[in-house]
Amino acid sequence: MGSVRRLPSDLANQIAAGEVVERPASVVKELVENALDAGATRVKVELDQGGVALVRVSDDGGGMDPDDAVLALERHATSKIVHKDDLFALRTFGFRGEALPSIASIAKLTLVTRPRGAPEGTEVVVDGGALPIARPAGAAEGTSVAVRDLFFNVPARRKFLKSTGTEAAHVSEALLLSALARPDVSFFLVRDGRAVREWLRAGSRGDRVRQVLDGERLEACVGERGPMRLEAHLAPPERARAGTVGLHLLVNGRPVRDRPLARAVAQAYGSVLEPGRYPVGVVYVDVPPESVDVNVHPQKAEVRFADGRALYDAVSRELAGALARAFNLPATGPSRMWGTPRSPVVAGEAAATRFVPDPGPDPWDLGPAGAGIGTQDALRERIAVDVPSEGAGGAPANTALFERRGFYASLEFLSQVRGTFLVCGGADGLYVLDQHAAAERVTFHRLRRAYEARSMATQRLLLPDVVELLPAEIATLEEHGQAVEGLGVELRRVGPSAVAVHAIPTLLARARPERIVRDLVAELGRSARRPFGDAADLVLATMACHGSIRAGDAVTRQEALALLRALDDIDFAGHCPHGRPVVTRIGYDELERRVGR
């Protein structure tokens, strides 16, 4: 007798359930997707004991006749595809025909359904993979599937479930993703007899995102590149989290987990997001169905793109320009109480940013790429041209520069406080700038422009500065020698464990040469696994930090005005290169309340 045998259907279904059903949230995901594929406009999910005792998903979709209701519980029975070519033109969430029989093999399942216009419905009961029992039943139009005692016949699987609260939280997340995928459908979540969440039908993806991520300040960015259409609703850098838990990705309306795509979104923020941190928000990517394969994961949670590298590059590039402009300015939402966190921008205040072509030379440029405001001497040198003389009746020396005043230039500088903050008056409130964060952003911008143009202005040292390093650190510098030279740092090896610094970038004249070299070594070491071009922003950000005005440095009125002017039209002017906010706002309405007006 041969050793190869056909597995019994109930065992095969349990094996399939191991791939499809991990926990109650998996059951909810599969049943909700079936409801959406059936044309539902309302989906209700009910849980008992986190979904272990009961998961019930009810919808107002098309329903099924008695024959289809029974057939749907057979493995690989589906209404979604007919031919193999259909796999590359999918418009539905489901297509495998595995979910219902897999769930029924490890739980007690009751399906009640009634097609629209039918005089009666059908009830189908399956107990742990046994043969289905069907009978007529009274039912509302649509379908309701109740799953009881999950894993009752597979106790080894049941013991891996977490607490009731944890399992319920996973269910809520699964329903949230469905709500993001289908803003035209209303979703309701009931836990232990109590309504806990609802997402009513929304008019657009943006409305749904603001509904789901209520309380977040979100910027909307939309654009197209070739056949790809992109719509993103993303929060400021300071809201970023370690890991991708706050970033939701949808491809052709399907929620997916795709680490390279998440990295492409994070890289659009440039240096303001440290490696390993990801923004909060939602990104929709729409591409032709034939260019993406959704049949690569049993839970349909992953996809494979025909040209993934090109897609990720397009996403990162398209988002970068829009985000840089979107987060140039501080949030202008409701004022905050003194000593309390800023109130979030209300949903209606998230403004869409359209991608526009590069406008060419910047009319607000304060100097060539190699010039900057990293030092107080450089500030004073620029002020002679760009800032009105206090003794000249307020007339600017160069009126052309003031014809297009930006947001920061429109602020009235009032005072420096504690050698750290620049207090300015605006049309709607007081604006308080962190002088180091602001100068760091401008210095970084100038460094980056000079590096990209290969025109970094350098300052030679009268006497070389010798820096002691480890042999591995010297090897790192030598490996990236050409890139280091492009950053404006001229190094020569001195013996086996030291380098001599002969020149540094002019923009960093206030920084100690040793500090610059050690910053370079540290960042190059962190980025050893990435091409230098990808790591350059991190290196420049660290260099800018130690080469800019710092807390405690005295800043004159003219220097403050030059700094404000320099912030206009700089990418991510609202954040330092490491993601800290540059400015915060205190509204006049809040000040009036505080003094009782």
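In this predicted model, Arg454 lies over the face of Tyr451, at 4.5 Å from the ring centre, a charge being placed over a ring if NZ of Lys or CZ of Arg is within 6 Å of the ring centre and within 35 degrees of the ring normal. Lys108 lies over the face of Phe152, at 5.0 Å from the ring centre. Residues are numbered from 1 along each chain as its sequence is written, and side-chain values use heavy atoms, with hydrogens and water left out. Because the model is predicted, local features need pLDDT of at least 70 and side-chain atom pairs count only at pLDDT 80 or more, whereas totals for chains, interfaces and linings use all residues.

Rings of Phe, Tyr and Trp (its six-membered ring) pair if their centres lie within 6.5 Å, with planes under 30 degrees apart counted as stacked, over 60 as edge-to-face and the rest as tilted; by this rule there are six aromatic pairs. The pair of Tyr269 and Phe327 is stacked, since the ring centres are 6.2 Å apart and the planes stand at 25°. Tyr269 lies in the loop between helix H8 (259–267) and strand E14 (277–278) and Phe327 in the loop between helix H9 (308–326) and strand E18 (352–354), so the pair ties together parts that are 58 residues apart in sequence; helices (H or I, at least four residues) and strands (E, at least two) are DSSP runs, numbered from the N terminus. Both Tyr269 and Phe327 are buried, and ring pairs link these two residues and Phe572 into a cluster.

The rings of Phe407 and Tyr408, with centres 5.0 Å apart and planes at 80°, form an edge-to-face pair. Phe407 is partly exposed at 21% relative accessibility, while Tyr408 is buried with a relative accessible area of 1%, where buried means under 20% relative accessible area, exposed over 50% and partly exposed in between (1.4 Å probe, protein chains only).
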